[in-house]
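Please open the model in your viewer and keep the sequence panel beside it. The tour below moves from the whole chain to its domains and then to individual residues.

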Amino acid sequence: GAIKKYQFDIQVKNVSRLCHAKPIVTVNGMFPGPTIYVTEGDRVLVNVTNHARYNMSIHWHGIKQYRNGWADGPAYITQCPIQSGNSYTYDFNVTGQRGTLWWHAHIFWLRATVYGALVIMPKQGTPFPFPQPHREFNILLGEWWHADVEEIVKQGNDMGLPPNMSDAHTINGKPGPLFPCSEKHTYAMEVEPGKTYLLRIINGALNDELFIAIAGHTMTVVEIDAVYTKPFTTQALLIAPGQTTNVLVQANQVPGRYYMATRPFIDVPIPIDNRTATAILQYKGIPNTVLPTLPSQLPESNDSTFALSYNKKLKSLNTPQFPATVPQKVDRKLFYTIGLGRNPCSKCVNRTRLTASLNNITFVMPQIGLLQAHYFSTKGVFKTDFPDRPPKPFNYTGAPLTANLGTSQGTRVSKIPFNATVELVLQDTNLLTVESHPFHLHGYNFFVVGTGIGNFNSTKDPANYNLVDPPERNTVGVPTGGWTAIRFRADNPGVWFMHCHLELHTSWGLKTAFVVEDGPGPNQSVLPPPKDLPPC
Ligand code: C2O
């Protein structure tokens, strides 16, 4: 492979959207940030220099970082933040992966504006397992907030209130012409009739799962989270924060202008959502005076039927060239409940603060990186006593429980022997309210072997697992009031963060980590830390 070098300068820049200017944190003054293009097998060096007053840390979402957690990026998990005025070079190999991933800030809520695409082209001579597109477009979905993101976090964390919703969704940083002052903040894709296009769609939104559709056009899903899928054609997509989806779109309609539009999937009652972002699919030669049409097939915000049936269609390609290596036997069975609750808070408005937990444990961020503590055997930073199952089973999805909303707190993680096969069932609960949670595991892809509504039944449900061609991904939605079972082989030693990719829930404590032990072999242990690893 080649060596690909990038320079990321973290700088604050004034950006205006929706008739409103504000300073935002950027990479190289760009919003969204620059795209990283690499080829499978390359070594990537990204030098991040922090010129802003915020601490910074960048995560390469979906890159497996074999033995190399030092380049993974989550602050206080695998590194201390890059402080103002300092630099750090993320140095990693891209092996055994190809497709669309992305990168984002992994500290506080700074990924609101600090994110970009990471495209891995297949090795020379290895074509896509689908028709070669004429051209490709990167589509980054995001959110725009008028308020300073720091203020929004403070409101949620320090005051104990749910933070405000964003003011608009965005496509490549642009909300589209349905918003005031946004005519020039509209993303357009120019297409030629009869040609096929590859759209690399990334959900970088902080807190919203999104539906997306293009008026008059269908989309053929060919890849999710940088893993090829069995192609299927759909009217709309569902994509959770953290996830990526590659689709083929054929420009096979009457030449014109068509809206691509987003809408959040929120199946708990919310006020009417008017944050719909639009972009335009523009046939070559059609004047801008032609009014675009909106996609009538875009699902309503509460369309959980569409969501369930869409997710069921996702299957790994599973060919000899791209096999699905699903663990058939399980060494370690884990069952984690996901709960939203309340904890006492003396300085909070209502004397309580919203909180979130796994197995009733709210994760407390450490003061130094967990990976350093693990590597240097520093005592007292974390405990490896995270329970394999909840303290007491209960009717997880029954009537809302008002008692027992309090959680215990700690920096508690689970220790996994090298190469063990792990099954983790994530069970949503109705402690405060049921809600859909997109879970992301660092350092691995996993197979989504099963999912269902209601309480997981450990005798019946495993019989229906798909152990042949389940979707392989790095982020999966746990359905509202339901469960999802994933499997992976713990063959990557290190400390790997796992969390809900809704930033709000992460900051409420919906996170933990796996400490995967070193293997006995010569190339099965965590690599030594790089010299420029930021100090705490
Ligand atoms: Cu995309 Cu831990 O993050």
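A residue is called buried here if 20 or more other C-beta atoms lie within 10 Å of its own, exposed if 12 or fewer do, and partly exposed in between, with the C-beta atoms placed from the backbone. This is a predicted model, in which local features need pLDDT of at least 70 and side-chain atom pairs count only at pLDDT 80 or more, whereas totals for chains, interfaces and linings use all residues. Residues are numbered from 1 along each chain as its sequence is written.

**The whole protein**

Begin by colouring by pLDDT, the predictor's confidence in each residue on a scale from 0 to 100: the mean is 94, and 97% of the residues reach 70 or more. The model scores are ipTM 0.99 and pTM 0.97. The C-alpha trace spans about 65 × 55 × 55 Å along its principal axes. Buried residues account for 50% of the 536.

**Domains**

Next, select domain 1 (1-126), domain 2 (130-316) and domain 3 (332-516) in turn, remembering that such bounds come from an automatic or database domain assignment. The C-alpha centres of domain 1 and domain 2 are 22 Å apart, and the contact between them takes 26 residues from domain 1 and 32 residues from domain 2; two residues are in contact if their C-beta atoms, placed from the backbone, lie within 7 Å. On the side of domain 1 that touches domain 2, strands S2 (20-27), S7 (99-105) and S8 (115-121) each supply at least two residues, and S7 gives the most, with five.

**The core**

Now show Val48, Leu110, Val247, Ile486, Trp496 and Ala513, which touch the most other members of the largest nonpolar core, a set of 141 residues. Such a core consists of buried Ala, Val, Leu, Ile, Met, Phe, Trp, Tyr and Cys residues joined through C-beta atoms within 7 Å. Leaving aside neighbours within four places in sequence, Val48 has contacts that include Phe8, Ile10, Met56 and Tyr90.

**Individual residues**

Move to Trp508, in the loop between helix H4 (503-507) and strand S32 (511-516). Trp508 counts as buried because 24 C-beta neighbours lie inside 10 Å, and, not counting residues up to four places away in sequence, Trp508 touches Leu354, Thr355 and Ala356.

Most residues other than glycine have a negative phi, and most peptide bonds are trans. Against that background, select Phe31 and Pro32, which are joined by a cis peptide bond with omega about -10°; Pro32 lies in the loop between S2 and strand S3 (36-39).

Tyr76, in the loop between strand S5 (58-61) and strand S6 (87-93), has a positive phi near 70°, and its 22 C-beta neighbours inside 10 Å make Tyr76 buried. Finish at Asn318, in the loop between helix H2 (304-312) and strand S20 (332-344), where phi is also positive, near 50°, but where 18 other C-beta atoms within 10 Å leave Asn318 partly exposed.

Terms used: Helix = DSSP H or I, 4+ residues; strand = E, 2+ residues; numbered from the N terminus.
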